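Welcome, and please open your viewer. We will take a short walk from one selection to the next, and at each stop I will tell you what is there.

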Amino acid sequence: MNSEKAREKFKGNPRLKKFVDWLIMNQVETRPRWYVRLLAPLYQHRGKHSVIHSSARMDTPPYRKFSLGDYSVIESFACINNAVGDVVIGDHTRIGLHNTVIGPVKIGNHVNLAQGITITALNHNFKNADKRIDEQGISTAPVTIGDDIWIGANAVVLPGVTIGDHSVVAAGAVVTKDVPPRSLVAGVPARIINQI
């Protein structure tokens, strides 16, 4: 049975979905249970000569895709989370120290992420004032980061954003909308400063 058929079966049976989710995910820590993490090398795709530092937090349950390309690196203390959407990282890409990546996110080839960057496709729903925020669920909008991109330290890339090829995001920028190819963006919210 392929993964799409399995997902459809779970959608049709909420009790089974809840049970399997409980088996895989620690409901308090919201990360895969220890025995699932032990099996991660069997279901994660890691390209040749790729490196994931041992202190990186890999919250990658097997029901979503995680792929790390050839010659790519996930640095120390980074957190990669594909629990709500696939995370695909290309070749020759560096995920820097203390980065957080929450799927669904696609990162291209030859991308360099400095330190302390957050890339998230997840947002918490909050519009119903009669319910607690943690009761309202989440929404996702995929993030796409093209090829040959440099993102400076402590930048934030928010849900639904696409960053075009050969672009630079300045340190501390908060990217709230798409960045055209060959652009330099900076500021809060980020805006185009120059064309490259």
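**Stop one: the sheet**

Begin by selecting strand 21 (residues 168-169) and strand 23 (residues 183-186): these two strands run parallel and are joined by 2 bridges. Keep in mind as you look around that this is a predicted model. Now click on Val169 and look across to strand 23, where Val185 is its bridge partner.

**Stop two: a serine in a loop**

Stay with strand 4 (51-52) and step back to Ser50, which is found in the loop between strand 3 (45-46) and this strand. Is Ser50 buried or exposed? Its relative accessible area is 19%, and buried means under 20%, so Ser50 counts as buried.

Show the side chain of Ser50 and you can trace it to the backbone oxygen of Gly47, at 2.7 Å.

**Stop three: aromatic rings**

How many aromatic pairs does the structure hold? There are 2. For one of them, select Phe19 and Trp22, whose rings are stacked, with 6.4 Å centre to centre and 20° between the planes. Both residues lie in helix 2 (residues 14-24), 3 residues apart, which is about one turn of the helix. Phe19 is partly exposed, at 47% relative accessible area, and Trp22 is partly exposed too, at 46%.

Move on to Trp34 and Tyr35, an edge-to-face pair with 5.6 Å centre to centre and 80° between the planes. Trp34 has a relative accessible area of 56%, and exposed means over 50%, so Trp34 counts as exposed. Tyr35, at 34%, is partly exposed.

**Last stop: a charge over a ring**

What sits over the ring of Trp22? It is the charged end of Arg33, 4.8 Å from the centre of the ring.

Key:
Residues numbered from 1 in each chain as written. Predicted model: local features only at pLDDT ≥ 70, side-chain atom pairs only at ≥ 80, totals over all residues. Heavy atoms only, no water. Helix = DSSP H or I, 4+ residues; strand = E, 2+ residues; numbered from the N terminus. Buried < 20%, exposed > 50% of the residue type's maximum accessible area, 1.4 Å probe, protein only. Polar contact = N/O pair within 3.5 Å; in protein donor to acceptor, adjacent residues only side chain to side chain. Phe/Tyr/Trp six-rings, centres within 6.5 Å; stacked < 30°, edge-to-face > 60°. Lys NZ or Arg CZ within 6 Å of the ring centre and 35° of its normal. Pairing = 2+ DSSP bridges.
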